[in-house]
Amino acid sequence: MAAKRQSNRWMWWLLGGTALLGLVLAGVGLRTLPGSPISANAASRFETATPSASPSVKQTPKPTPKPTPSLKPLAVHPAKVTIDSSGWWSWSMIDRRTGKVYGSSNMTQTNTTASLIKSWIGADYLRRAAENGQTPSAARMQQLRIMIRDSDNQAAQSLWEASGGSASISRLIKTCKLTDSSADKTRWSNTNLSARDTARLGVCIADGRAAGPKWTKWLLNEMRAVRGVGDFGIRKAFPATTQKNIAIKNGWVTRDALGEWHVNCLAIGDGWTMGVMTRYPASLGYTHGAKICENVARQLKS
């Protein structure tokens, strides 16, 4: 009886083991059947997908950077200026292409302009006439011409008064954005400009703000035609072929109460302007100041 029970026990173990093996094999089969959830799960865990080739991307060629155009050299350049002279002098130059201002350490100090200011008197009169729709008479045009070319004082006084006197200089300071200068209420020749503001006045004339679009070319041509005793200073430092293209207006006067000459120079060249202001003992004569203007320009000439 005991042997029979032992035999039955082994039979049940064998049947159980066979059933378990069947279940295992069935599980393996399910893993390999297409669409089986066990199969999908297994694939997602253990299969390594072969990456597809990336589509070729066309590279847009980068444009070749254009070199920054170099500026044409000017006929002048900033430099250290040395003048062996008694008295006072200052200078300034402006590169009109860049707007950079250069000058002596005292370029903001002022001096009375004398006839140099006639360049503005003419510009202001012409611009305002055009703004008011007026054409100056032949007599006025003649005054303007001899005021600029020959530095005629009577013509300057008439045009100064017609332009409102010191109000004209107030317009100069506003229009040309001057920072160092001031008007005299009674005399155009006593207008105070610095060398820096003189160079700024030159820029203002050259770019058309002073005389306006109608008259700028005319005024510059008249300033190139300055003749006689007033033809001195800055442009004399240049070759004759260059001189004829440089517009100028100079001023020279003795200040008897001070015992001084005040000699000043304005020049407008191709892409540049320059102002030189001087005052010194009257005994040295006006040519002393004229030579200072020329000497400054020689040292700044490229």
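Q: What span should the 14 residues of helix α3 have, and which distance between end C-alpha atoms compares with it?
A: This is a predicted model, in which local features need pLDDT of at least 70, side-chain atom pairs count only at pLDDT 80 or more, and totals for chains, interfaces and linings use all residues. Residues are numbered from 1 along each chain as its sequence is written, and side-chain values use heavy atoms, with hydrogens and water left out. The expected span is 1.5 Å times one less than the number of residues. For α3 (residues 118-131) that gives 20 Å, which agrees with the distance between its end C-alpha atoms, 20 Å.

Q: Is α3 largely enclosed or open, and how many of its residues are buried?
A: Buried means under 20% relative accessible area, with a 1.4 Å probe and protein chains only. Among the buried residues of α3 are W120, I121, Y125 and L126. The helix is largely enclosed by the rest of the structure, because the buried count is 11 of the 14 residues.

Q: Which residue just after α3 takes a positive phi?
A: The phi there is about 70°. The residue is G133.

Q: At what angle do α4 and α5 cross, and are they parallel or oblique?
A: Axes are lines fitted to C-alpha atoms over the stretch in contact, and angles run from 0 to 180 degrees between N-to-C directions. The axes of α4 (residues 138-149) and α5 (residues 153-162) come within 9 Å and cross at roughly 120°. Angles under 35 degrees count as roughly parallel, over 145 as roughly antiparallel, 65 to 115 as roughly perpendicular and the rest as oblique. That makes α4 and α5 oblique.

Q: Which residues of α5 make the contact with α4?
A: Contact means heavy atoms within 4.5 Å. From α4 come R140, Q143, L144, I146 and M147. The α5 side is A155, A156, S158, L159 and A162.

Q: How do the residues of the contact of α4 with α5 divide?
A: Ala, Val, Leu, Ile, Met, Phe, Trp, Tyr, Cys and Pro count as nonpolar, Asp, Glu, Lys and Arg as charged, and the others, Gly among them, as polar. The division is seven nonpolar, two polar and one charged.

Q: How do α4 and α8 pack, and which residues of α8 make the contact?
A: Helix α8 covers residues 212-224, and its axis is 8 Å from that of α4, at an angle of about 45°. The two are therefore oblique to each other. α4 supplies M141, L144, R145, I148 and R149. α8 supplies W215, W218, L219, E222 and M223.

Note on methods
Helices (H or I, at least four residues) and strands (E, at least two) are DSSP runs, numbered from the N terminus. Buried means under 20% relative accessible area, exposed over 50%, partly exposed in between (1.4 Å probe, protein chains only).
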